[in-house]
Amino acid sequence: MVSELARDAILARTGLPVPGQDLDIAVPLPSERLQNLVELARTVCGQPVTAINIITQDMQYQVATAGMEPYLCSREDSMCAVGFLSGTPTVLEDASLDPRYNTNPYVDGRRGEIRFYASIPLVAEDGFVLGTLCAGARETGQLSDRQLKGLEILAAEVVDALQLEHRARQLADALAEAHRSNALLAEFAGRISHDLRNPLTSVLGFVELARDEAGELDDPAIAGYLDTVASSGQRMLSMVKDVLSYATIGGDVRPAEVSLADLVGDVRQDLAASIETYGASVECDDLAFTADAVQMRVLLQNLVHNAITYSRPGVPPVIRVTGHRSEDGATLRVIDNGKGISEADRKRVLDPLVRLYREDDPPGTGLGLATAARIASANGGRLELGPVPGAGTMVTVHLGAS
């Protein structure tokens, strides 16, 4: 059968150990869940020994046992390998009387003298048989219909446990890889940011000098060219800062008690020029909550800056920042009277580098909301976008309990 020829490859895809070229194999210690299941199986069937066996192309090993020490044996010597592919239970009152088993080394005395034997195949969702849940004893015995049904239920639980543990390991590996990738990204972004910011700052400095000299020459064309260079350079510098901010968020969270009013006061100072230019007002309630102060300042600055710059033409921006505590943590809201975001766009604008390109929208990098969402996640919460009656956007930041 093709499945048997590829048995080890299939087992490996399920996360189970398979032997190497020299038939060496590293079987991990049983998890608490598997050990509990095999102990429960021993109680259900009333037999002294139970085991969860995995059968490879060439051998059998146990991932959990009760009443015995785990062991390895060749598939040829395995009792469970005789009929496990049938997918149906095997129950023998006396294995020494069954011609399929009476010459097996675990029955005829060479390795053991098993008499009672019961085996339930471990069948995965795709029909592949991983191995068995088995029970045995040196004395003859029987299973009631109820005991057999109990073992069949436990065998299904064993399969679920093996699959869940495999997925848990996959998730852990993926999370570790994500942390590693994020660290590399932050390191890369830091180097690139440093390498780009210094020459950009130098260029912008020389542009300012050139603009002063162009003013003395009274040449409007040259002055216009320099204004364009300065504007483009500032946008590029802003993009570099935004990329660095997005890449480094969440790597090192330092929770502490912070004041919402103090944070918004700092944001007002940071955005003083934009607030004055747009005629904006920023109102705030106070709230003491626990989060990373530096990251929360960046979050609020991005949200307030968006509320100011994406205001409606001719309508002065009015931004209100509120907060309240609940059993689950703290909830912050930034509410504005700006253009708003359509329901269809509210999820996708939280992705990095996504912009809406609406009429009269200012230039941007598409990283402000993505950075805010990432900060919320790094601080154990989430960010949601919603409408405001009439016009505007309400950004809600849920922070986990501290």
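1. Strand β2 (residues 59-66) is mostly covered in this predicted model: eight of its eight residues are buried. For the protein as a whole, buried residues make up 41% of the 402 residues.

2. With β1 the pairing is antiparallel and extends over six bridges; I52 stands opposite A64 in β2. The two strands form a hairpin, with three residues between β1 and β2.

3. With strand β3 (residues 73-74), β2 again runs antiparallel, and two bridges join them. M59 stands opposite S74 in β3. β2 and β3 also form a hairpin, here with six residues between the strands. In that turn, G67 has a positive phi of about 85°.

4. Confidence should be kept in view when reading these details. The mean pLDDT of the protein is 84, and 83% of the residues reach 70 or more. Among the elements, strand β1 (residues 49-55) has the highest mean pLDDT, at 97, while helix α1 (residues 2-5) has the lowest, at 64. Where pLDDT is low, the predicted coordinates should not be read in detail.

5. Elsewhere in the chain, five strands make up an open sheet with mixed pairing, in the order β8-β10-β11-β13-β12. Its edge strands are β8 (281-284) and β12 (382-387), each of which pairs on one side only. From one strand to the next, the twist averages 15°.

6. Helix α7 (residues 260-270) lies across β8, β10 and β11 (329-336), and its direction is at about 165° to β8. Helix α10 (residues 368-378) packs on the sheet and touches β12 and β13 (393-400). The direction of α10 makes about 130° with that of β12.

7. Some totals complete the picture. The protein has 10 helices and 13 strands. Of its contacts with a separation of 6 or more, 62% are between residues 24 or more positions apart.

Conventions:
Residues numbered from 1 in each chain as written. Predicted model: local features only at pLDDT ≥ 70, side-chain atom pairs only at ≥ 80, totals over all residues. Heavy atoms only, no water. pLDDT = per-residue confidence, 0-100. Helix = DSSP H or I, 4+ residues; strand = E, 2+ residues; numbered from the N terminus. Pairing = 2+ DSSP bridges. Axes fitted to C-alpha atoms, helices over the stretch in contact; angles between N-to-C directions. Contact = heavy atoms within 4.5 Å. Buried < 20%, exposed > 50% of the residue type's maximum accessible area, 1.4 Å probe, protein only.
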